[in-house]
Amino acid sequence: MIQFKEVGLTYPNGFQGLKDVNVTIEQGEYVAVIGLSGAGKSTFIRCVNRMNEITEGELIVQGQNVPTLNKKEVRQMRRSIGMVFQSFNLITRATVLKNVLVSFVPDLPVWRKVFGIFTKEEKMKALEALDRVGILDKAFVRVDQLSGGQQQRVALARTLAQEPSIILADEPVASLDPVTAKAVMDDFRTFNKELNMTVIMNIHHVELALEYASRVIGIRAGEVVYDGPASDVNEAV
Ligand code: ADP
Ligand code: ADP
């Protein structure tokens, strides 16, 4: 469970990014966060894994009070929270398999990363994740040889191999063509339904949000202006 209680966030320059946010998200929900560019969608989801620090209120994630965690505890918490970005954040000159491997093995020593030394179990897990998102045949291809949609699938496989209970996705389909975007949205739906992962996704594309998410949170100028089922979204946002 994720609980925002009267959360406020003021950036160091004095800009108020979030104001009085009260939101509770249960395990297994599929939440789309919608709003105009600059509304505060990224600010909101980045609080969950403490990429952003809240400055007011309380934030509980899986029973832990996020602002009070020390560095080690934050690292531990982030293992159970996957993150997917608009820009994929992949090592483009490495193979697909290596991209998945280097990111999900906890506390991977640098020498193992550099020499590409992984156990059979680690490789199996990475290959299974690639299979699940339908790009197993690309395992040994370099990332820069892939299309945008395929690259986002690599990013998804990487997150999946981490076996998170929560996935935070920041505009994951914004740079994809409409058909590929839907395919990637389908992948998220599968993770949500079959693996009971909580999905919290920023998406400025309202129609896609309504089609795929079960709950929509609308943000405007740092405030939650809508929170309810996708079927009831109106002009509120
Ligand atoms: P969205 O994801 O909805 O496009 P963001 O959460 O990225 O919006 O940004 C919300 C607002 O907060 C914007 O006006 C942005 O300029 C501002 N903002 C984001 N990060 C910072 C920061 N580090 N310092 C000051 N202002 C910021
Ligand atoms: P995106 O829209 O893809 O989320 P942004 O360009 O909004 O990316 O933000 C990129 C980075 O710059 C983020 O780390 C964000 O916190 C920071 N940032 C955004 N707006 C501001 C701002 N007004 N002042 C300082 N940092 C900002």
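How many strands form the open sheet, and in what order? Six strands form it, in the order β6-β7-β8-β3-β9-β10.

## About the model

This is a predicted model: local features need pLDDT of at least 70, side-chain atom pairs count only at pLDDT 80 or more, and totals for chains, interfaces and linings use all residues. Residues are numbered from 1 along each chain as its sequence is written, chains are lettered from A and ligands numbered from 1 in the order in which they are written, and side-chain values use heavy atoms, with hydrogens and water left out.

## The sheet

The pairing in the sheet is mixed. Two strands count as paired if DSSP finds at least two bridges between them. Strands (E, at least two residues) and helices (H or I, at least four) are DSSP runs, numbered from the N terminus. Two strands sit at the edges: β6 (81-85) and β10 (223-229). Each of these pairs on one side only. From one strand to the next, the twist averages 15°. Axes for such angles are lines fitted to C-alpha atoms, for helices over the stretch in contact, and the angles run from 0 to 180 degrees between N-to-C directions.

Strands of a sheet pair through backbone hydrogen bonds, either parallel or antiparallel. β6 and β7 (residues 166-170) pair in the parallel sense, over five bridges. G82 has I167 of β7 as its bridge partner.

## A covered strand

How many of the five residues of β7 are buried? The count is five of five. Buried means under 20% relative accessible area, exposed means over 50%, and partly exposed lies in between (1.4 Å probe, protein chains only).

In a regular strand the side chains alternate between the two faces of the sheet. In β7, I166, L168 and D170 point one way. I167 and A169 point the other way. All of them are buried.

Helix α1 (residues 41-48) is mostly covered, with six of its eight residues buried. They are K41, T43, F44, I45, C47 and V48. R50 follows α1 and has a positive phi, near 60°.

Helix α4 spans residues 110-115 and includes V110. V110 counts as exposed because its relative accessible area is 61%. V110 also belongs to a nonpolar surface patch, together with W111, V114, F115 and I117. The patch covers about 570 Å². Patches are made of residues with over 30% relative accessible area and no salt bridge; like charges are joined within 9 Å, and nonpolar side chains (Val, Leu, Ile, Met, Phe, Trp, Tyr) within 5 Å. Areas come from the Shrake-Rupley method with a 1.4 Å probe; for residues, only the protein chains shown count as cover.

R112 is buried, at a relative accessible area of 15%. The side chains of R112 and E122 are joined by a polar contact of 2.5 Å. A polar contact is a pair of N or O atoms within 3.5 Å; within protein, one must be able to donate a hydrogen and the other to accept it, and residues adjacent in sequence count only if both atoms are side-chain atoms.

## Salt bridges

A search of the whole structure finds 11 salt bridges. Each is a side-chain nitrogen of Lys or Arg within 4 Å of a carboxyl oxygen of Asp or Glu. One of them joins D144 and R142, with the closest N and O atoms 2.7 Å apart. D144 is partly exposed at 34% relative accessible area. R142 is partly exposed as well, at 35%.

Another salt bridge, 3.1 Å from N to O, joins the side chains of R153 and D187. This pair links distant parts of the chain: R153 is in helix α6 (residues 148-161), D187 is in helix α7 (residues 178-195), and they are 34 residues apart. R153 is buried at 17% relative accessibility. D187 is buried at 12%.

D227 and R215 form a salt bridge too, their closest N and O atoms being 2.8 Å apart. D227 lies in β10 and R215 in β9 (residues 215-220), so the pair ties together parts that are 12 residues apart in sequence. D227 is partly exposed at 36%, whereas R215 is buried at 11%. Salt bridges that share partners join E29, R215 and D227 into one network.
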